[in-house]
Amino acid sequence: MNSRKPPQDPIDFDIEPSLFETEAADLIASANKVWDQVASIPPGDATFANAILPILHEENARSQRAGWLDWLRSTTAQPAIRDASRAFSETMTDAANRRHAREDVFRVVDAVWRKKKIQQQPLSDEEELCLDRLHRDFLEQGLGIADPAARARAGAIQATLAKLSKEYIKNLDSDASGLWLTVEELRGVPQPTLDRWKADEDGRRRWVDRRMLNINAVTKGADSEETRRKAFLDFENRVAGKNDVLLKEMLLLRHELATIIGFKNWAEYRESYRLVSTSEVLQFLQNVREHLVDVASRDVKALADMKEQHLIDQGMEVTEENKKLFLWDKLYYKERAIQSQYQVDTEKVAEYFPFTGCLHRLLALFEAMFCLKIEPADISTWHPDVHAFTVWNNDVQDDSYDFVGYMYLDPFPREHKYGHKGHIGIRSTFLTPDGARNHPVSVVVTNYTPPGPGGRPSLLRPQETVSLFHELGHALHHLLARRATHKRTHGGAPRDFVEIPSIMLEHVFWSPEVVRAVSGHYGSEDEEDKLPDELLNGLLRSRWAYASLGELSNLTLALFDMRIHTPESLEDVETMDMAVEFNKLRCAVGQVGGPEEQGLGWDALKSFCRYRFPIGYAASYYAYVLSHAYSYDIFETKLRPYMPTHRAAHIEDLVSVELRDEFKRYRRMILEPGSNIRSLNSLLEGYLGREPSSVPYLEMLKSSMSA
């Protein structure tokens, strides 16, 4: 452990439930005091300095104390803390809605905004962006609407939407149900996985909960189609009857709110949170669909042919019905295809990516690329599994260190924990009124396979290793966005930009020498016991194998997201059968059937409401499709030329001077602005020297799938 002491103390997570109520009361009172002072300013005398800056400073200070308390409800194992955090979140959200519904403060903020519009008050780009975003917060509460009834209705809708969103996510995170499946039903699932699952008294059955990690293990490994089907349908319908009802209510309210404020639909209402217009999004998605759907049919046919041959090999009669490729077959036959065509045994590959060793080597690579020092920290956390780090700038020229922030990693699943993977910035960077820098705090939450019986460590499959690159990339983006003076221009990067830097890092992983360097067999203390060439070569060749299946899944979700948020009218929302719409779209785009082809109807599968995107990515899920395309363009154009081509004795030796310099430039131009961005194309054009393009990515996929 290094003796360097950060200039900012870490968060103390050893707290009592009573803290939440006390903090909420104090924070709300402090905010109201500042807002009352702003409200007393005559609009004619209002300036950015006397009206807007006090609000921004109060927001900065409040975020330092509130962000992590709000977030604990998603990860704590303590019921009392979880309940207190939820109550805190609701209280703080209600208070924020009430503040932004204050007409007296709006008159002052609006006066400053109008002076800015006629250039009476020259502002910096960041100041102008902060003002625009603050002004937007009032408009979203209905301020600026002449009709008092409509204004009140807008505020009421905002309050209701906040509650419904939290309930929707709570239903997903609190689901602790699952299935008992017999060992015979689970034949084909790797033994280490079976050993990890809870057994019944006589050992004949295993408990498979509804975590993606475990459901994927069944649909990827179980030889019985009926078992795969049972597990798949149970998982996809896990919140049916709850989240489908909530989503319909939210869509009705979102459309009503958008029209009250003056927008055609929710997608247009959300344009101020994005960098790409609704019309451009729809055109982009249609272009991707035209490029991928036809060529991807070859991947689907290849897996269907493999299923038919598998039935023949088992001596089973092949019928028109049983040879069809269904949704619960995709992972199973994709896994078999990769093993047979590329000689890649993902379970064997995983032995070379133990979580702890892989994390250590990955962080060493990030240190070299971004000129950082990332050190383990013996500090308070919310659970014993959590890894904590301090992050420092490391100037290689004079060996000086400048503190960047704190980073935490919560790797393994547990009850009531956030059930997906993601990054959360629980503290932002900003400048205090006296000019001191407040340092950010990043949290990465994942749900990797935990260590198993007999001392078997957590082993990461190839895509899990890639996802670790991805999520840590989000953390670095949050930590390295150092230009922000205020919280409003640090965190919360536009949804259609925020995935690009992380997906770009996925391409870094797939460089052959990087894959090799990050690997190391879990049973060996020899650092030279790397992934063997035969496994490495097969893994690299299989990278884009059946990639269309994943791309078309993202495309389906993006198209559905835009469909439900661009209705023609409120009646369109009322009469929309979301299950039918989603499943017909999924079948048309993804080209793989579900229970509707077994006589159960188009509404038998309620997958649409088990996803999280209707909350966090509402009218923005296209960001994943766009980010895959643009990140590929960035990597191929700027970083591929400097990627290592020879083995290195140490991970840091993989990063040449040229590659390090390019990452410095990337950090400065792409990461450091944070959310201080108005145009995606302008940002990327500044780095690339031209407008970004999706064509190289689509052409690469097309050629890979045609090979």
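This is a predicted model: local features need pLDDT of at least 70, side-chain atom pairs count only at pLDDT 80 or more; totals for chains, interfaces and linings use all residues.
Hi everyone. Let me start with a term: a residue is buried when its relative accessible area is under 20%. Keep that cut-off in mind, as it comes back several times.

The mean pLDDT of the protein is 92, and 98% of its residues reach 70 or more.

Now, the cysteines. Why does C609 count as buried? Its relative accessibility is 0%, and the cut-off is under 20%, so C609 falls on the buried side. How many disulfides are there? The count is 0. C587 is in no disulfide, and the nearest cysteine sulfur to its own belongs to C609, 19 Å away. Seen from the other end, the closest cysteine sulfur to that of C609 is in C587, and a bond is ruled out because 19 Å is too far.

On to the packing. The largest nonpolar core has 149 residues, and the ones with the most contacts inside it are L285, F353, F370 and F663. Another core lies apart from it, with 30 residues, among them F20, L27, W392 and V443. Going back to F663, and skipping neighbours within four places in sequence, its contacts are M369, F370, M504, L505, V508 and L639.

T278 sits in helix α12, residues 278–313. T278 counts as buried because its relative accessibility is 5%. Beyond four places in sequence, T278 is in contact with A267, E268, E271, M562 and T566. The other one is N214, in helix α8, residues 212–221. With a relative accessible area of 4%, N214 is buried too. Leaving out residues up to four places away, N214 touches R196, W197, V208 and D209.

One last stop, helix α16, residues 462–480. From first C-alpha to last, this 19-residue helix reaches 27 Å, close to the 27 Å expected at 1.5 Å a residue. And is α16 mostly covered or mostly open? Mostly covered: 18 of its 19 residues are buried.

Definitions and conventions. Residues are numbered from 1 along each chain as its sequence is written. Side-chain values use heavy atoms; hydrogens and water are left out. A disulfide is a pair of cysteine sulfur atoms within 2.5 Å. Buried means under 20% relative accessible area, exposed over 50%, partly exposed in between (1.4 Å probe, protein chains only). Helices (H or I, at least four residues) and strands (E, at least two) are DSSP runs, numbered from the N terminus. Contact means heavy atoms within 4.5 Å. pLDDT is the predictor's confidence in each residue, from 0 to 100. The expected span of a helix is 1.5 Å times one less than its number of residues. A nonpolar core is a set of buried Ala, Val, Leu, Ile, Met, Phe, Trp, Tyr and Cys residues joined through side-chain atoms within 4.5 Å.
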